[in-house]
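Have the viewer open and follow along.

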Amino acid sequence: MPARALNWALHDGIAVVTLDLPGEPVNKISRAVKDEFNATFATLERDPAVRAVAFFSGKPDNFIAGADIEEFVRLTSAPEAERLVADGQEMLDRVARCTKPVAVGIHGACLGGGFEFALACHYRVATDHPKTQLGLPEVQLGILPAAGGCQRLPRLVGMRAALDMILAGKVEHAQRAFRAGMVDELVPPPILKDVTLAAATRMAGGWRPRRRRPGGVMGWLLDGNPLGRRLVFRMARRQVLEQTRGNYPAPLAALEAVATGLAHGIPAGSKREAELFGRLAVTDVSRKLVQIFFATTQLKKDFGVPDPPPPVEVHRLGIVGTGFMGSGIAGTAVTQAVVDVRLKDADLARVAQGLRAAREIVDDRLRRRRITKHEHQRLVALLSGGDGYVGFRRAELVIEAVFEDLTVKQRVLREIEAVVGERAVFASNTSTIPITRIAAVAARPERVIGMHFFSPVPRMPLLEVIPGEHTAPWAVSTAVSFGRRMGKTAIVVRDRPGFWINRILGPYMNEAAHLLLAGAAIEEIDRQMVRFGFPVGPLTLLDEVGLDVAEKAGGVLHAAFGERFAPPPAVASLVRVGRFGRKAGQGFYRYARGKKGGADPAVYELIGIRPNGGLRPAEILQRLVFAMLNEAARAVGEGVVRSSRDGDIGAIFGIGFPPFRGGPLRHLDDLGAARAVSELERLAERCGPRFVPCDVLREQASRGTRFYP
Ligand code: 3H9
């Protein structure tokens, strides 16, 4: 007999039920757990000694992480998936209909099916701990909340608030969930049990919670009648289509399940939920998103070196260079990792500017109510700076974010080595310069590493960690572990020019310029890549990154890899006249007061061409996509990433490669190497040798192998 996940004991007529899935770090609702739930609740209903139920998780910081996603992977057909969900619905209906009142005490992640279970209970108490988060992230996995979430949440908090959470797959901190009416009481962790038991006891005595009608007058007008509902649904549908561009079917399905339930009642809504789940769970989109979930989870435990030595715990961080990157790293380190941060730049005016920008990141957290005023004060106090290295001596990690120039970076490295302690790691936030070259002047090269953050630092989820030739494994685990504390997904990449992200971006950006010179219009180039699924097209991205920065990075890649990376003259002619992109108010597009306007026709004049409409949209798309895919495959062959998993997660989190395609390497597997090779050969014939298929793809095509088994 496997160990039981659910256990209960009677206390003064209240059955205290605890879910603690043996041998697992989190509670999840698998088929076996469902069976136990059904059996336990049947017993509780039958037992006359039980007057009410109080339900808890036995995991220290985790309530229930939802349905067992691993079971989804094994589903082979829509009817099978539909049955799986129908069983889940039945289980939760049994809880909702239970004749004995059920109160639930929530501490830790309460997500997906876990939150749906809580919604089926009769009273919800949650802790105010930051680890307590509630939400329905299902659409992030390409499915919809299907254990009654699309039915019970709108009835509890109002249709608009529910759609807001369901359609975006949002997860909220307990405080927000409480304000929205998703939980009835918010308490500090030490009294969770007592308060939940007290609620169960009150309910056993006949008391029932009285909840406000959600949403006020506006709620009544919009949620409470068919006309208002139709309006809300129409708007939500439009918004979903704008955001997903039709690439992700789950939010629309969720919208339909909510609408069906509100129009025809919970049983009809639940039936629709199950049918839609069945269809979605076996789609390619959902499979890809589930793969991304597991890949990201694996990465949380991967330090990028075999038998990773324990990382040095960072309490104090030094940052040299207070520009956009330096201050972004500072603000993010303070808010996420809660460490002391000391900023340094050449003069105090720059330091002041950097501190202001870093503080702005902390202020933003307060504005979004992610932290309290008290926490805000505490975090702001962690930021300090100066024009010298005072305060650096005790830093366990120093990140350099100065100008992208080898000599400048080496000078800073030597200065830092002279002031920091023996155990300090020196990290360069370079985007292209090989770490081994920077470390060539180091007295202790084993402590030198690359930490390539992406801009804007608080928002971009990826970090590339780059060990140089002599970097010690403990320095790698220290950089990875600190990156993770900053909330980043870290991939450890090989010390080759451009590392992984800029390496695959280089040919793609260049190809955008080639297309421009061949007469494609700016908006058309961007439109094709947005159609493919990128959040923005390559020319918008160039404007964001800065054309001057991109030109410099392009130069490094060109020098390292030769003709294949030769930049077409378009970008250089724009840089020459100061068109650096958004930061200069003009690039490929115009910018006014920080807002992006239309494409600027002056660009065509500057580069001496006229858009001629001669290139078909399909050709634009093919050239851009294959430029990136070919280079990605080649870089994998050179061992730039340690696995296809790292390559795909890097591209998705670093440049927004469409998640529903699973990343460039999964996409290549889907296309098949043979097809990729023949498309590339045709492109090479038409456009030049930069498209000659790389050896990795040729070999895969001839042997019938792929990136993933
Ligand atoms: C759903 O509920 C559908 C319903 O509407 C309808 C159904 C009827 N399943 O992330 P961690 C594993 S869909 C399977 O490192 P943390 C994870 O893979 C579900 N496995 O911990 C890892 O395994 P391993 C909606 C799961 O503390 C281990 O647990 N729910 C699941 O950093 C530790 O995970 C979600 O989308 C799961 N549901 O973060 C929530 N959850 O040790 C998904 C976790 O073998 N989960 N594992 O590598 C999360 O967001 C995070 O795991 C969580 C904990 C915040 C819970």
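**Ground rules**

Helices (H or I, at least four residues) and strands (E, at least two) are DSSP runs, numbered from the N terminus. This is a predicted model, where local features need pLDDT of at least 70, side-chain atom pairs count only at pLDDT 80 or more, and totals for chains, interfaces and linings use all residues. Residues are numbered from 1 along each chain as its sequence is written, and side-chain values use heavy atoms, with hydrogens and water left out.

**Around the ligand**

Let's start with the ligand: 27 residues surround it, and the closest are G113, E116, E138, K300 and K301. To make that list, a residue needs a heavy atom within 4 Å of the molecule. By type, the shell splits into 16 nonpolar, five polar and six charged residues. Here Ala, Val, Leu, Ile, Met, Phe, Trp, Tyr, Cys and Pro count as nonpolar, Asp, Glu, Lys and Arg as charged, and the others, Gly among them, as polar.

Now the polar contacts (pairs of N or O atoms within 3.5 Å). E116 puts a polar side-chain atom 2.7 Å from a ligand oxygen. The protein covers 77% of the 1000 Å² of accessible area that the ligand has on its own, by the Shrake-Rupley method with a 1.4 Å probe. Elements giving two or more residues to the shell are α2 (69-73), β6 (109-111), α4 (113-120) and α13 (284-300); α13 supplies the largest share, four residues.

**Helix α12**

Next up is α12 (residues 266-281), whose 16 residues should span 22 Å at 1.5 Å a residue; the end C-alpha atoms are 22 Å apart, which agrees. The expected span is 1.5 Å times one less than the number of residues.

Its buried residues (under 20% relative accessible area, 1.4 Å probe, protein chains only) include R272, E273, L276 and F277. The buried set packs (heavy atoms within 4.5 Å) against α2, α3 (78-97), α5 (149-157), α11 (250-264) and α13.

Most residues other than glycine have a negative phi, and most peptide bonds are trans. S455 and P456, though, are joined by a cis bond with omega about -5°. P456 sits in the loop between β16 (448-453) and β17 (462-467).

D307, in the loop between α13 and β11 (316-320), has a positive phi near 40°. D307 counts as exposed (over 50%), because its relative accessibility is 74%. F499 also has a positive phi, about 50°, and is found in the loop between β18 (489-492) and α20 (501-517). F499 is buried, at 0% relative accessible area.

Definitions and conventions:
Polar contact = N/O pair within 3.5 Å; in protein donor to acceptor, adjacent residues only side chain to side chain.
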